Amino acid sequence: MKYIDEYRDADAVGRLADRLATEVTRPWTIMEICGGQTHAIVRFGIDELLPDGVTLVHGPGCPVCVTSAATIDAALDLAARPDVIFCSFGDMLRVPGSKMDLLTIRAGGGDVRTVYSPMDAVGIAQDNPEKKVVFFAIGFETTAPTTAMAVYYAARENIGNFSLLVSHVLVIPAMEAILSSPESSINGFLAAGHVCTVTGYNAYHAVAEKYRTPIVVTGFEPLDLMRGIYACVRQLESGKYEVDNQYARAVRPEGNIPALNTIDRVFEICDREWRGLGTIPHSGLKLKNEYAGHDAELIFNVKPVISAESSVCISGRILQGAAKPPQCPAFGKQCTPEHPLGATMVSSEGACAAYYRYRPSHNRKE
Amino acid sequence: MTEKKIFNPVCPIPISDYPVVLMAHGGGGTLTGQLIDKLFMAAFDSSQLEARTDSALLTVDRNRLAFTTDSFVVSPLFFPGGDIGSLAVYGTINDLATSGARPLYLSAGFIIEEGLAMATLWEIALSMATAARAAGIAIVTGDTKVVERGKGDGVYINTSGIGIIDHNLDIGPACIRPGDVVMVNGDIGRHGMAIMAARESLGFKSRIESDAASLSSMVQLLIRAEFEIHCLRDLTRGGLASAANELAATAGVTIEFEEPKIPVDEAVAGFCEVLGIDVCHSACEGRMMIILPETQAPQCLQALKNHDLGRGAAVIGRVTEAASAPVILVNAMGTRRILSMLSGEQLPRIC
């Protein structure tokens, strides 16, 4: 398959791993930000190909995982209303709030639909004028432009029965929160390639400089990942902390300007609660006042609630790279993809779910 | 005769887990397994069910019979490469065939939604007739019910089938041995992606056609050629991954696949990439695993390749003693991972 096979070339990956092994002189800890990268690393066993001393830890970049339980509880309330058609990306459907998930709401009679694009939800609103159609707008800067476009279009076309339940999050505030944490042991970052296709990487220079930490924009295939790790380690070994782009086939320094303009037109920055991490200042997007008529939180008067989380689960530490999934006493026992206790097990891209799904011989229930 | 207590007033699937049935309970993955194990097995308590074969194997007056049933609720009713009618015939035939039986008779039950076009029903019936004739099986009994508009998806079909086992081979999960090789008769995952492409409004066209087909003649060919087949299993919902996990768990072994050797059509692979779905979880309706001793593998592979449905056959793995997980996938880079059953409903990823 073109654009896939050449980046899954086992020989090329092996050669790069060998070169890396000859060049590493000290232990380094590198965090991949994105859940898609975590998933690929564990699926392809990239971490097992690395020399001793190079450790990968897994970041908070799974938007499904970090959507707060309180927001999901709000989504469940909306989805259960008889006057609402609730639209969501597929993998959000089985993420539990404090008690249940959207699949259970659907089984109980709620009209919950999977869409591939927020624009599909706008189409559903046009086809069902007697219903209120709510789209669950989650994701990083990757999905924000399409959500922004959908609400912009709905406002322009006067589609008054379309609204968004917004829980968009931003990457850089999360990286800074992790780097500022006293528990942080991170020497370098692999930045999420897909997010950078939208945002570019100009804004990363200040972060690299401030925290003296190299950042390498990295793709999602085995060879992409190995190149990103290699580039990061080379910087670390030579004492550099620059921003490097190993995903140049998709990412430009300035990003996708029309997409960024669309985000700016519709959204403004707000504080946001992250599941497992708590509230991070300036880390979310919310609709601007002029789009209040399409803001589900206002339309349905969604009240902020405190949702209880498991006391055993260590997903907060895992999301910061301070612990790995098998270190959790609940991993594979009380906590499985069917019955997740916390953020990192709820989505297929969460670190715990990736380990559970792909790694043999971790402690699992019989 | 002592009356056996079959009624347990406490539901064996704790209410706290799932108070209602989810779509995932029918997805062929972990939750389906739990539903069968904890609820139906507990209620029905039969030794034939315990054997976990695709068909119940029954002995009647020294004749060995296979008996199976399957229901079809596919939407849309017509899809590239087939329709619900041919699928309902092939599905039951394949369950009989992979039990080593020669399919003989089929029943057909229809649950029809009020308002379904008569022409559509006629087309489905003709498709069933054609499929049955081609496979040499007769549809000999049936039933029709109509439900109110909105209470069905056009039409649901149930088929049951009886076949005869007219050879002395023992074929089933219990016969799987470490050292056996695992083959598949062609590229995997096509049915699932053909349905997905026809159902989902993705806005791009695909040329993917379902692999739906009767496996009976191919199985009979292998049996007549006297290959020492240990087990056959057709790949349906849940794909290669679920079928392999079920077999490995029942047989108490590990199945180790070599990922680069698993045949996958390029369009199917691309579609799976776009949707973020593991092709090993995508459904098939004309594919099976063939498990037999290594010494017989080359000749068996050749025999498969000589059959229309086996041109894309390949050796994809082997059976080992039970290891760290029931099914292991070794990729091109030599690293190993679990190939787990589909967990929950197959849902496309956000990014």
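## Helix α6 of chain B

In this predicted model, the buried residues of α6(B) are Ser216(B), Met218(B), Val219(B), Gln220(B), Leu222(B) and Ile223(B), where buried means under 20% relative accessible area, exposed means over 50%, and partly exposed lies in between, as found with a 1.4 Å probe and with protein chains only. Helices (H or I, at least four residues) and strands (E, at least two) are DSSP runs, numbered from the N terminus. The cover over the buried residues of α6(B) includes the helices α3 (84-97) and α9 (297-305) of chain B, together with the strands β5 (102-113), β9 and β11 (288-292) of that chain. An α-helix has 3.6 residues a turn, so residues three or four places apart point the same way.

After α6(B) comes Glu226(B), which sits in the loop between α6 (216-224) and β9 (231-234) of chain B. Although Glu226(B) is not a glycine, its phi is positive, at about 60 degrees. With a relative accessible area of 68%, Glu226(B) is exposed.

## Chain B as a whole

Chain B contains nine helices and 14 strands. Its radius of gyration is 20 Å, close to the 20 Å that the globule rule gives for 351 residues, so chain B is as compact as a globular protein of that length; the radius is taken over C-alpha atoms, and the rule is 2.2 Å times the number of residues to the power 0.38. Along its principal axes, the C-alpha trace of chain B spans about 65 × 55 × 50 Å. Of the 351 residues of chain B, 51% count as buried, while the chain exposes about 15900 Å², of which carbon and sulfur atoms supply 55%; these areas come from the Shrake-Rupley method with a 1.4 Å probe, and for residues only the protein chains shown count as cover. Among contacts in chain B between residues at least 6 apart in sequence, 84% join residues at least 24 apart, a contact being heavy atoms within 4.5 Å.

The mean pLDDT of chain B is 89, and 91% of its residues reach 70 or more, pLDDT being the predictor's confidence in each residue, from 0 to 100. Over residues 1-9 of chain B, however, the pLDDT is below 50, and beyond near neighbours in sequence this stretch has two contacts in the model. Elsewhere in chain B, a cis peptide bond with an omega of about 5 degrees joins Ser75(B) and Pro76(B), and Pro76(B) lies in the loop between β2 (63-72) and β3 (78-79).

The domain assignment of chain A gives domain 1 (5-62 + 172-245) and domain 2 (65-170 + 255-299), with bounds that come from an automatic or database assignment. The C-alpha centres of these two domains lie 30 Å apart, and 14 residues of domain 1 are in contact with 18 residues of domain 2.

A nonpolar core is a set of buried Ala, Val, Leu, Ile, Met, Phe, Trp, Tyr and Cys residues joined through side-chain atoms within 4.5 Å. The largest such core has 87 residues, of which Phe86(A), Phe162(A) and Tyr204(A) touch the most other members. Both domain 1 and domain 2 of chain A give residues to this core, so it lies between them. Apart from it lies another core, of 37 residues, among them Ala248(B), Phe257(B), Phe271(B) and Val279(B).

Thr262(A) belongs to helix α13 (residues 257-266) of chain A and counts as buried, because its relative accessibility is 13%.

Thr114(A), in strand β4 (residues 111-114) of chain A, counts as partly exposed at 27% relative accessibility. Leaving aside neighbours within four places in sequence, Thr114(A) is in contact with Ser88(A), Phe89(A), Gly90(A) and Leu93(A). His282(A), by contrast, is placed in strand β11 (residues 278-287) of chain A and counts as exposed at 55% relative accessibility; its phi is near 55 degrees, a positive value in a residue other than glycine.

## How to read the values

Residues are numbered from 1 along each chain as its sequence is written, and chains are lettered from A and ligands numbered from 1 in the order in which they are written. Since this is a predicted model, local features need pLDDT of at least 70 and side-chain atom pairs count only at pLDDT 80 or more, whereas totals for chains, interfaces and linings use all residues, and side-chain values use heavy atoms, with hydrogens and water left out.
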